[in-house]
Structures are given as C-alpha cells and as structure tokens.
Amino acid sequence: MEKGLSLPQDCRHFLHSLRMRSKYALFLAFVVVVFVFIEKENKIISRVSDKLKQIPQSLVDANSTDPALVLAENASLLSLSELDSAFLQLQRRLRNLSLQLGMEPPEEAEEEQRLEAEEEWEQLEPRPAAEAPPRRHVLLMATTRTGSSFVGEFFNQQGNIFYLFEPLWHIERTVSFEQGGANAAGSALVYRDVLKQLFLCDLYILEHFIIPAPEDHLTQFVFRRGSSRSLCEDPVCTPLVKKVFEKYPCKNRRCGPLNMTLAAEACHRKEHMAIKAVRIRQLEFLQPLAEDPRLDLRVIQLVRDPRAVLASRMVAFADKYETWKKWLAKGQDQLREEEVLRLKGNCESIRLSAELGLRQPAWLRGRYMLVRYEDVALRPLQKAQEMYRFAGIPLTPQVEDWIQKNTQAAHDGIYSTQKNSSEQFEKWRFSMPFKLAQVVQAACGPAMRLFGYKPVQDAASLSNRSVSLLEERGTFWVT
C-alpha cells in the first residue's frame, strides 16, 4: 500500500466491528486481503487524482481562491463520479469478504454503522453554493463616426451594467505611437492591457494617463464622464464642489470630482461591464482577454458604410481633412497618394478583423458579433435584442423605452445620440460629391463587399433614395 493512504469511513467502521468480535487470527488474514484490494482501488483513485491535478495553477492564482475550493467547484463531474464509484466498489468488495469469512455484523449494528457513515460523509461533503449569474464583459469595438456613441447607449441605459465611454482616449493622449509597423502593435498591446484592467474594475489604471494626474484618487478630467451613467449616479456622484472646474461634467446632475475608489466599488457591484472603444483595431490582440478565466468577453464589432464614415469625419474633424476639401474645391484629377493609402489602410484593418471574427477561431467562438450601423438605424429595437441575446444579458424595459424615445427624435447634432435613425443614416448621400464616393469605393472595395455595401456607378444613383445601397445580410452573429 502506498504511503499515506487512509481508509474510507466505511472501512474504518467495519474494522472496528472486527475488533469487537475478538477474532484476532481471522482479523489479520482479513486485513491482508483488504490491502490487496485497496492497492487495486488506489490505482483508480490515483488516476482520478491525476485528472484533478490538471486544473491550471493560473486559474487558482487568478481567482485568489483556496485551491481546495477551486477543486471542489471546477473539477470535472466525470472525475468526481469516478472517484465516488471507486469508493463504492471498495465498500462492496469489503462486504463480500466479510460474508465469506463469516464476519457479517448483526443487521442492527450494520444499519447503525451505515447511518453514522452517511452522517459523517454529509458533514464532509461540500455544499453546492448558489450560482450567481455570470458576469459578462462587453466590448463595443468600432472606429470614429460609425454610430458607436448611439449604439453604446443601448448598454449605458441598462441599470445593471457598468458602462465606460472611450476610456482609452487618455492613453492615446499621453502615449505617443507612430502609425504602422511595430509602433502600431505596441499601441495595441497597451490598449489591450489597460482594457483588461478596466474590465476587472481596476479603474486606478487610468490615473497613470490622466493629465493632470489625480490627487488622492480624485479627478475632474475623465474624458466624457457625462456619457457614462455609472459615473454620474449615487454613490459615485459626490456633492458638488463649486470652486472646482470639471472639464467633462455629468449631463443631468451636478457632481463633485470623480472619486476613482467609489467608481471602482460601483463597478464591482454591477452585474455586468461594457466598454465602448474606437482605438482597438486589431481583433487578434484580444485573444488573451478572451482566454482570461476572470473574464467572459463578448466583442461586438460595429461597422458602417465607409463612404458615410468619410463624409461624417470631414464634418466632425474638418481640420484633418483640409487636403480632401482642397482637392474637391480645385477640381484636381488626383488626390494625394498618402491620403488614399491611409483610407485604404483603415478599411483593410476593419475588414481583416471582421474576417477573423466571422471565421470563429476556437478562442473567439461564441464571443464575436458583427453589426452594421445601418441595420441598427433601421431596426434599433430588434438589433438591440440581438446584441443583448448574444451577450447573454436580459434586455430591460428601461433600454426599450430609451430606444423608442431616442430613435424618433428630431435632434441630429454631430455628437448627438438622439435622432430619427431611419432617416438620418443615409443623409450623407445627398451631400457627397460622386467623385469622392468613387475614391472610397476604389480604396475600400473589399471591405464594402464583405459588409454588403453596394457601389454606385453615377451621381444620380448616389442621391436617389429609392436605390438601396445595402445588401440584405440579416445578422452576422455566428454561434
């Protein structure tokens, strides 16, 4: 018998009955036979134990949990049932041996021992804890001017979701990365690591990037704080400090500087977490987050017709598109090559990420959904239901009411999330010059084909509302 092997409770009770009968010689012979059977059963137990040891140590460390509890909660049911079967087989064989040796205890003593053994086993057996609903971590992955602020409100308006609006803005403003090559990969790694900490409610990570730096975890410079309900509700909304200027105040109430500690505590109390980010471009960099046992990641990639995106950016970021405007105004035949290459690079980055997501590699299976903004604008409630179903979060009437009220509104400012969505999403078609549309179609053709955006052949088709530029694709969600 291997060193350190302890007999099951039934065995100990049975041996105790043998001693009570004072059959010393038979007892010795019986013990020898028992040890032979125990050695066989020990091989079964050892095999099961090896399976239990296969649980990654990283899972234990990541959850900061007693390893014994981790085994109890995460060991496979097959291993546990096999272990239980080994003990039952040992019990039956010991009983058969006792019958052969003429040492079967009286029925009353046997029943008493059985009840005692069951009682002791019940005390040792771990009680199953009540299962909490799984905490989801939703990333709304987009680029600028794709309607992500509007779609983000679908998650911001739900009370049990802690929603952050563009927290990676601070990293972009404080860490310099050049476009392309290793520098682009470096920026993606920084964004990803900060994103992971935020999903774990470590909001203190942002303090390293906020300028000026927070003092005592207090800051009035969190970007677009007012776009996150979770940062503007009690108890995160502290009393107003009149002499302190806040650059991005809460919209519907006046609050004091943001207390990062209170915000982090509020994040932990919420059932789910959602983040909108337009600075995550490469889907493949998110694999470590998808495989992190502390997270249950769901990625929703939002795309929009690149012709509409460019038209919107030329209005919202006018200074950055002076070259394009001069090209249009002067009627030159060709646009500067670097401008076209930049446009093509943006489209290709989006396309490659979408193709990866739609292929559903093992690490991303069931965790990726592709959504077109145009479909959301036409059927907002339906698309909201699809996104929530994909995320595994029940959609509340609170969100449904917000969608009904804010998709029929007359407001359509540059940064407004209130609009008549079914009319506004194609507004760009009536102001975009046809030759500008031609440039986008040439640079972004592969992406447009993948997402189902139809090219136009002349100016009349571009401005004709009866000509649809959308192919019917249903839902891109692949399970």
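Me: Which cysteine does a disulfide join to Cys347?
Reply: Cys444. The S to S distance is 1.9 Å for another pair, Cys237 and Cys255, and 2.0 Å for Cys347 and Cys444. Keep in mind that this is a predicted model.

Me: What handedness does the disulfide of Cys347 and Cys444 have?
Reply: The torsion about its S-S bond is about 70 degrees, so the link is right-handed.

Me: Where do Cys347 and Cys444 sit?
Reply: They tie together distant parts of the chain, 97 residues apart. Cys347 is in helix α14, which spans residues 337-359. Cys444 is in the loop between α19 (434-443) and α20 (445-451).

Me: Buried or exposed, those two?
Reply: Both Cys347 and Cys444 are buried. For Cys347 the relative accessible area is 6%. The cut-off for buried is under 20%, so Cys347 qualifies.

Me: What else is Cys347 in contact with, leaving aside neighbours within four places in sequence?
Reply: Pro306 and Ala447, as well as its partner Cys444.

Me: How many disulfides does a search of the whole structure find?
Reply: Four. Numbering the bonded cysteines in sequence order, the pairing runs 1-6, 2-4, 3-5, 7-8.

Me: OK, Cys232 next. Which cysteine does it form a disulfide with?
Reply: Cys250, with the sulfur atoms 2.0 Å apart. The link is left-handed, at -90 degrees about the S-S bond. Cys232 and Cys250 are 18 residues apart, each in the loop between β3 and β4. Both are buried.

Me: And Cys237 with Cys255, why is that one left-handed?
Reply: Its S-S torsion is about -105 degrees, so the disulfide counts as left-handed. Cys237 and Cys255 are also 18 residues apart, each in the loop between β3 and β4. Cys237 is buried, and so is Cys255.

Me: Switching to backbone. Where are the cis peptide bonds?
Reply: One runs from Ile211 to Pro212, with omega near -5 degrees. Another joins Asp234 and Pro235, with omega about 0 degrees. Most peptide bonds are trans.

Me: Which loops hold Pro212 and Pro235?
Reply: Pro212 is in the loop between α9 (181-199) and β3 (218-219). Pro235 is in the loop between β3 and β4 (258-259).

Me: Which residues have a positive phi without being glycine?
Reply: Glu166 is one of them, at about 50 degrees. Cys201 is another, at about 70 degrees. Most residues other than glycine have a negative phi.

Me: Where are they, and are they buried or exposed?
Reply: Glu166 lies in the loop between β2 (161-165) and α8 (169-174). Cys201 is in the loop between α9 and β3. Glu166 is buried, at 3% relative accessibility. Cys201 is buried too, at 3%.

Me: Last topic, helix packing. How do α7 and α16 cross?
Reply: The axes of α7 (residues 148-156) and α16 (residues 380-391) come within 11 Å and cross at roughly 60 degrees. That makes α7 oblique to α16. The crossing is right-handed.

Me: Which residues meet there?
Reply: From α7, Val151, Phe154 and Phe155. From α16, Pro380, Ala384, Met387 and Tyr388.

Definitions and conventions. Residues are numbered from 1 along each chain as its sequence is written. This is a predicted model: local features need pLDDT of at least 70, side-chain atom pairs count only at pLDDT 80 or more; totals for chains, interfaces and linings use all residues. Side-chain values use heavy atoms; hydrogens and water are left out. Helices (H or I, at least four residues) and strands (E, at least two) are DSSP runs, numbered from the N terminus. Buried means under 20% relative accessible area, exposed over 50%, partly exposed in between (1.4 Å probe, protein chains only). Axes are lines fitted to C-alpha atoms, for helices over the stretch in contact, and angles run from 0 to 180 degrees between N-to-C directions. Angles under 35 degrees count as roughly parallel, over 145 as roughly antiparallel, 65 to 115 as roughly perpendicular and the rest as oblique. A crossing is left-handed if the near helix is turned anticlockwise from the far one by less than a right angle, and right-handed if clockwise. Contact means heavy atoms within 4.5 Å. A disulfide is a pair of cysteine sulfur atoms within 2.5 Å.
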